[in-house]
Amino acid sequence: MFLALLTLLIALLISGVAAYYSIIGLIAIFSAAIVPIAIMGCVLEVGKLVSAAWLYHNWDSKYVPRILKLYLTFAVVVLMFITSMGIFGFLSKAHIEQTTISSDNTLQITILEDEISREYLNIKRAEKTLTLLDTALERYVELGAISKGLNARKEQESEREILNADIKNSSNTINGLEKEKSNLAIEQVKLEAEVGPIKYIAELVYGTSNQELLEKAVRLVIIIIVFVFDPLAVLLVIAANISLHKANMSKRNKINKRRGKINSTTNVEQHRGYRKVIVTKDGVSQTRYE
């Protein structure tokens, strides 16, 4: 009995988690109707489990039309497919969001690198201009016109201040951009570490890893999860019903053994070409046709 109840509990937990993921996935597909999709998903999930349990208990019943059993079986299979489709949408959405964040970081890092390159170019131009100014002063010294060189030096002071200020501003800007780039690079490494396991799966399955193979590996993992998620919940519900039924029968047999007898009656009804035999044991009736 404990194993039967444990099986039923696990089946309900798996089914509940599957329904949660499925509803989120379906909401991502039909985002304009969040509340109706959530209500529909919950009701259909409960209906699926009840239908599976009802089919198990009434599959051999002669009073249930075959078309009803066929339709309920079809409905359970279709609902399992819908739940699996929702789970696929949920996991796919999570993967897309992760890869989108990773791509955005890469783009930002590229933009920062371009800005840093421009600042370095500004510094190079300013230093080149200062070098030209120094060369002009050295020319005065070579010609022996030192006084003229000193006057030229004074005339260059404002221009030199502007150039040195530009170099200093560009250097400060580069330091800030480098820090920002470093932070983005750290985040990028963390994102790549999160994607790391799927790279190993891609290399294990395909022998190598690139963007296309990574996407294929992700789809393969999602499909494997989908195939064992909701079907496992439904089959565990049926298994729990089987175990509970066996546990109840065993309990009845033990009670009857303690009493030392089994109350049993058999009724036979004659029909055209066959007999209807109804065997009743301790209030439990079984019908067979001969």
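K69 is buried, with a relative accessible area of 13%; buried denotes under 20%, exposed over 50% and partly exposed the range in between, using a 1.4 Å probe and protein chains only. This lysine lies in helix 3. Beyond its neighbours within four places in sequence, K69 is in contact with L55, N58, W59, S61 and V64, where contact requires heavy atoms within 4.5 Å.

The model is predicted: local features need pLDDT of at least 70 and side-chain atom pairs pLDDT 80 or more, whereas totals for chains, interfaces and linings use all residues. Residues are numbered from 1 along each chain as its sequence is written, and side-chain values use heavy atoms, without hydrogens or water. The pLDDT, the predictor's confidence in each residue on a scale from 0 to 100, averages 75 over the protein, and 71% of the residues score at least 70. Confidence is highest in helix 2, at a mean of 83, and lowest in strand 1 (residues 264-271), at 57. Where pLDDT is low, the predicted coordinates should not be read in detail.

The protein has five helices and three strands. These are DSSP runs numbered from the N terminus: helices are H or I of at least four residues, strands E of at least two. Their order along the sequence is α-α-α-α-α-β-β-β. Of the 290 residues, 29% are buried. Among contacts with a separation of 6 or more, 60% join residues 24 or more positions apart. The protein exposes about 19700 Å², of which carbon and sulfur atoms supply 62%; areas follow the Shrake-Rupley method with a 1.4 Å probe.

Helix 2 covers residues 34-58. Its 25 residues should span 36 Å at 1.5 Å a residue, and the end C-alpha atoms are 36 Å apart, which agrees. The expected span is 1.5 Å times one less than the number of residues. Buried positions in helix 2 include I37, G41, E45, K48 and L55.

The largest nonpolar core holds 19 residues, of which I14, V76, I87, F229, V234 and V237 touch the most other members. Such a core is a set of buried Ala, Val, Leu, Ile, Met, Phe, Trp, Tyr and Cys residues joined through side-chain atoms within 4.5 Å. Helix 1 (2-29), helix 2, helix 3 (66-143) and helix 5 (211-259) each supply at least two residues of this core. Helix 5 gives the largest share, eight residues. A separate core has 12 residues, among them I109, L163, L177 and L184. Within the largest core, I87 is in contact with A18, Y21, S22, V226 and F229, leaving aside neighbours within four places in sequence.
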